[in-house]
Amino acid sequence: MTPLATLVRRPIDPISLLGRVATPANGAVILFLGAVRQVNEGRAVTGIDYAAYEGMAASELESIVSDGASKFGTRDIAVEHRLGELAVEDISVAIAVGHPHRDAAYAASRWVIEELKRRVPIWKREHYADGTREWVDPTGRPSAGAAP
Amino acid sequence: MYDATLLMTVTVLLFASYADALGAASLDLEMPSDTTVTQVVAAVRARPGAQRLPAAPLVAVNLQYANGDRVVRDGDEVALIPPVAGG
């Protein structure tokens with residue numbers, strides 16, 4: 001199949017994604033799911049808004065899937081990232097990889113999520129149990145939007 | 001003929017914490033026609049609220065990451081990219 005990368009505003013269906021990468025050639029079919037966690041850095045989280053620069057995020061995701069396909073020797077990589085308001089336990093990202101062998105399937109899955117986190121312009125604003133909301137900055141700097 | 005005084009309007013897209021800091025999702029800036037990404041960033045950082053942006057934020061031109069010396073042309077889509085947090 002053609003490598004597939006999509007931004008969605010509906011719940012992610014992991015089984016449907018797996019179906020896109022399961023082929024007679026693939027002895028290994030694996031799925032990674034990222035989900036909203038109830039605690040981040042000691043603060044109780046009640047939900048997350050995901051926002052994106054959608055045109056660029058879509059093209060970066062497509063580029064990652066296509067690069068991953070060449071790098072790991074499989075055409076069967078599918079990624080969906082959800083945008084909008086998510087609750088705790090909702091799936092934010094799903095990566096399905098099919099490959100003839102498991103070592104390459106695991107490596108490709110790991111590579112795709114790390115590249116996604118490194119370069120796809122998606123942002124998350126966490127909602128905390130105390131009613132506050134903050135954009136998450138994985139570089140550890142104080143958020144530009146945070147109160148001084 | 002080259003005219004150093006020629007101005008163009010550059011639209012800069014802002015997202016997430018940067019949009020909050022500047023109170024806008026986009027800015028229209030009057031810039032010289034031979035401007036660079038670094039000069040566009042400097043113009044944004046002169047706006048109220050922008051002191052909370054880093055000195056050298058990530059920038060994309062036409063949906064691709066761009067270096068500071070990239071020349072911005074009339075009609076280019078410029079975006080300041082806060083630290084990404086997908087996944």
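Trainee: How many bridges join E8(A) to strand E9 of chain A?

Mentor: There are three, and E8(A) and strand E9 (residues 133-135) of chain A run antiparallel. Strands are DSSP runs of E with at least two residues, helices are runs of H or I with at least four, and both are numbered from the N terminus. Two strands pair if DSSP finds at least two bridges between them.

Trainee: And where do the names and numbers come from?

Mentor: This is a predicted model, in which local features need pLDDT of at least 70, side-chain atom pairs count only at pLDDT 80 or more, and totals for chains, interfaces and linings use all residues. Residues are numbered from 1 along each chain as its sequence is written, while chains are lettered from A and ligands numbered from 1 in the order in which they are written.

Trainee: Back to the hairpin, then. Which residue in the turn has a positive phi?

Mentor: Gly131(A), with a phi of about 95°. Four residues lie between E8(A) and E9(A) in this hairpin. His127(A) has Arg133(A) as its bridge partner in E9(A).

Trainee: Which strand pairs with E8(A) over seven bridges?

Mentor: That is strand E4 (residues 43-52) of chain A, and the sense is antiparallel.

Trainee: Why is E8(A) said to be largely enclosed?

Mentor: Strand E8 (residues 122-128) of chain A has six buried residues out of seven, so the rest of the structure largely encloses it. A residue is buried if 20 or more other C-beta atoms, placed from the backbone, lie within 10 Å of its own; it is exposed with 12 or fewer, and partly exposed in between. Over chain A, 36% of the 148 residues count as buried.

Trainee: How many helices and strands does chain A have?

Mentor: Chain A has three helices and nine strands. From the N terminus, their order is β-α-β-β-β-α-β-β-β-α-β-β.

Trainee: In what order do the four strands of the open sheet in chain A stand?

Mentor: The order is E1-E5-E7-E2, with mixed pairing. Strand E1 (4-8) and E2 of chain A are at the edges with a single partner strand each, so one side of each has no neighbour in the sheet. From one strand to the next, the twist averages 10°.

Trainee: Which strand do eight bridges join to E2(A)?

Mentor: It is strand E7 (residues 91-99) of chain A, running antiparallel to E2(A). One of the pairs is Ala35(A) with its bridge partner Ile91(A). Helix H1 (residues 14-21) of chain A packs on the sheet, touching E1, E2, strand E5 (77-82) and E7 of chain A, and its direction makes about 25° with that of E7(A). H2(A) also packs on the sheet, touching E1, E5 and E7 of chain A, at about 155° to the direction of E1(A). Such angles run from 0 to 180 degrees between N-to-C directions, with axes fitted to C-alpha atoms, for helices over the stretch in contact. Contact requires C-beta atoms, placed from the backbone, within 7 Å.

Trainee: Now chain B. What is the order of the five strands in its open sheet?

Mentor: The order is E2-E1-E5-E3-E4, again with mixed pairing. At the edges are strand E2 (26-32) and strand E4 (64-65) of chain B, each pairing on one side only. Strand E3 (residues 58-61) of chain B pairs with E4(B) in the antiparallel sense over two bridges, and Val61(B) has Gln64(B) as its bridge partner.

Trainee: How many residues does the contact take from each chain?

Mentor: It takes 19 residues from chain B and 26 from chain A. On the side of chain B that touches chain A, H1(B) gives the most, with five residues.

Methods: Two residues are in contact if their C-beta atoms, placed from the backbone, lie within 7 Å.
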